[in-house]
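Hi,

Here is the model I promised to pass on. Please have a look at it first; my notes follow below.

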Amino acid sequence: MQRANALNRLDRLPVSRFHKVTLLAVSFAYFFEFADINTFATTAPKLIDLWGLTVDRIAYVTSLSFVGMFIGSVVAGTMADRWGRKRTLLLTTLFFGVFSFASAFSWDLASLGVFRVLTSAGLAAMTVVAVIYVNEMYPSAVRGKFQAYAIVIGICGTPATNLIASAVVPLSDWSWRLVYLWGSLGLLLVLFTRHVKESPRWLESRGDHDGADAVLREIETRVAAEKGPLPEPAPPVEEAPAAKASLRVLLQRKYLMPTLLLTVLWVTQTIGFFGYSSWAPTLLAKEGFSVEKSVFYVALTTVGAPLGSCLAALVTDRFERKWCLVAFGTVIALCGLLYGLTFNPLLIVVFGFLVNLFERGYTALGYAYSPELFDTRGRSLGTSVSYGLGRLSNAAGPLIVAALYNGHGYQSVFYFIAGTWLAGAIVLAAFGPRTRPKRVPSDQPLRERVAG
């Protein structure tokens with residue numbers, strides 16, 4: 001047994017320049033994750049005209065991308081436990097940047113599909129590691145707020161991509177490739193390498209208490225130089241180094257129940273969000289709007305996304321996260337349904353704006369909520385597997401959307417999306433544990449903390 005105290009030492013730190021620089025680095029990665037994730041959706045209407053594609057073929061590429069996301073998520077969880085949070089964050093960001101760059105040189109749908117699957121694997125992997133990293137590096141009382149702040153900045157990548165696409169895609173038969181070059185700029189995360197510190201909580205979980213102490217001393221020195229003398233941390237606790245975690249660990253009851261709950265959360269969020277964002281430009285174009293107008297309308301709706309993350313930052317550490325998620329999911333279901341029931345351009349933009357606003361707030365809340373359901377040993381695997389299964393579920397989502405559209409029309413797609421969001425809200429309301437910061441005094445598994 002060794003004395004572990006990284007959590008207590010980090011929790012008593014005042015917010016400082018260190019936290020803000022770390023936030024900037026994570027936000028940069030998020031920005032290009034959100035920028036890149038919509039590149040295919042914004043170029044698909046042009047490719048339909050240019051390459052003679054059908055909605056079904058677009059659906060297959062989108063579906064395979066979510067298989068890539070599942071693989072990337074699960075692999076990232078293992079990598080983050082074995083190699084560390086910092087190294088894995090950098091590697092996964094470089095991975096998706098390289099294959100987004102390669103997408104710009106696609107010569108047909110098959111080649112683009114391969115590159116998009118690999119890009120998607122990197123995107124999901126980076127997201128999982130970033131969520132865990134923020135959870136472990138920020139004080140418990142403000143980690144939800146900083147998770148939301150990171151997304152406030154990062155989510156600006158979505159409207160940026162849509163606005164860039166609306167400007168460059170119509171220019172020529174090759175200008176759609178510029179959208180993928182834009183998405184590849186996540187490669188520049190390497191510029192932040194020296195500012196990102198390894199998670200001391202991960203180092204302690206590996207038994208490397210000297211390494212954890214060295215990182216903590218460096219952080220404390222920087223914070224004290226800016227904020228003055230620091231208060232004493234709570235006493236350390238006796239803790240054995242965590243054994244290597246395998247997927248079998250998640251079958252233990254204290255990990256299985258949170259994993260199942262979060263799987264429902266991410267399945268409904270994935271199908272609900274991507275069913276909307278990935279298909280809105282294409283379906284609007286199919287319903288008679290020009291490619292230019294459909295992309296432009298969707299670009300306008302995504303302006304609500306950063307505001308939604310701001311809203312999440314205001315409520316995430318003030319109110320119970322579980323009930324915030326339930327409320328946001330219910331509002332998304334209603335606004336998404338109204339979006340699908342109108343063909344008035346103004347109302348399309350208004351309801352689309354509200355969907356984006358509350359969905360991005362929901363995602364920020366979910367990113368803060370998910371890792372809190374696990375202790376350090378199960379956090380990486382539990383978060384990555386549940387998030388990955390959520391992304392994998394949408395391998396079927398685009399096929400369902402295409403079948404509904406072809407068989408029952410445009411509005412049936414939005415009934416399906418609204419029902420998905422509502423189902424997630426009901427499950428969270430019935431089974432979601434509470435995670436208010438005052439109920440999280442230690443690094444025990446959440447189920448034990450709530451029970452205690």
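The largest nonpolar core has 101 residues, and Tyr30, Leu265, Tyr362, Tyr369 and Leu428 make the most contacts inside it. By nonpolar core I mean a set of buried Ala, Val, Leu, Ile, Met, Phe, Trp, Tyr and Cys residues joined through side-chain atoms within 4.5 Å; buried is under 20% relative accessible area, with a 1.4 Å probe and protein chains only. Another core, of 16 residues, lies apart from it and includes Phe40 and Tyr180.

This is a predicted model, where local features need pLDDT of at least 70, side-chain atom pairs count only at pLDDT 80 or more, and totals for chains, interfaces and linings use all residues. Residues are numbered from 1 along each chain as its sequence is written, and side-chain values use heavy atoms, leaving out hydrogens and water.

Next, a helix pair (helices are DSSP runs of H or I, at least four residues, numbered from the N terminus). H16 (residues 321–340) and H20 (residues 410–431) pack at about 170 degrees, with axes 8 Å apart; axes are lines fitted to C-alpha atoms over the stretch in contact, and angles run from 0 to 180 degrees between N-to-C directions. The two are therefore roughly antiparallel (over 145 degrees).

Finally, Thr263 sits in helix H12 (residues 253–277) and is buried, at 14% relative accessible area. Beyond its neighbours within four places in sequence, Thr263 touches Ser386 and Leu389.

Best wishes

Terms used: Buried means under 20% relative accessible area, exposed over 50%, partly exposed in between (1.4 Å probe, protein chains only). Contact means heavy atoms within 4.5 Å. Angles under 35 degrees count as roughly parallel, over 145 as roughly antiparallel, 65 to 115 as roughly perpendicular and the rest as oblique.
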